[in-house]
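Here's a quick briefing on some side-chain contacts and links worth a look.

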Amino acid sequence: QVQLVESGGGLVQAGGSLRLSCAASGRTFSITAMGWFRQAPGKEREFVAAITWTGGMTYYANSVKGRFTISKDNAKNTVYLQMNSLKPEDTAVYYCAATSTGSKEYDYWGQGTQVTVSS
């Protein structure tokens with residue numbers, strides 16, 4: 001099993017920045033990629049960004065490309081999401097997720113952290 005704990009959410013004004021962190025523990029050797037998703041009230045959960053654990057390849061949703069940056073620190077088993085130029089429409093609960101060896105799905109999820117962007 002892999003446990004994921006997010007931190008760094010909060011309230012920020014439009015145009016501001018936040019950095020989310022997601023610390024993984026447990027069977028971290030099995031992680032192949034980690035990603036961030038978000039869910040706004042009344043909307044379905046959507047993909048935000050992902051990073052492969054060994055090669056460091058990154059992927060972004062079009063809505064955040066150029067504003068958000070995903071990165072990782074393998075030594076700390078932590079993935080980050082730097083969010084700049086935040087917009088009110090970025091308001092959501094942000095979830096960290098991880099895929100593991102042999103799986104094409106995100107098997108593990110964090111509890112989520114609230115990000116609120118005021119206009």
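A search of the whole structure turns up 4 aromatic pairs (ring centres of Phe, Tyr or the six-membered ring of Trp within 6.5 Å; planes under 30 degrees apart are stacked, over 60 edge-to-face, the rest tilted). This is a predicted model, where local features need pLDDT of at least 70, side-chain atom pairs count only at pLDDT 80 or more, and totals for chains, interfaces and linings use all residues. Residues are numbered from 1 along each chain as its sequence is written, and side-chain values use heavy atoms, leaving out hydrogens and water.

**Aromatic cluster**
- Phe 37 and Tyr 106 sit edge-to-face, because their ring centres are 5.0 Å apart with the planes at 80°.
- Phe 37 also pairs with Trp 109, this time tilted, at 4.9 Å centre to centre and 55° between the planes.
- Phe 37, Phe 47, Tyr 106 and Trp 109 make up one aromatic cluster.
- Phe 37 is buried at 11% relative accessibility, while Trp 109 is partly exposed at 31% (buried is under 20% relative accessible area, exposed over 50%, partly exposed in between, with a 1.4 Å probe and protein chains only).

**Charges over rings**
- Arg 45 lies over the face of Trp 109, 3.8 Å from the ring centre.
- The charged end of Lys 72 sits over the ring of Trp 53, 5.8 Å from its centre.
- The cut-offs here are NZ of Lys or CZ of Arg within 6 Å of the ring centre and within 35 degrees of the ring normal.

**Disulfide**
- Cys 22 and Cys 96 are joined by a disulfide (sulfur atoms within 2.5 Å), with S to S at 2.0 Å.
- That link is left-handed, with -80° about the S-S bond.
- Both Cys 22 and Cys 96 are buried.
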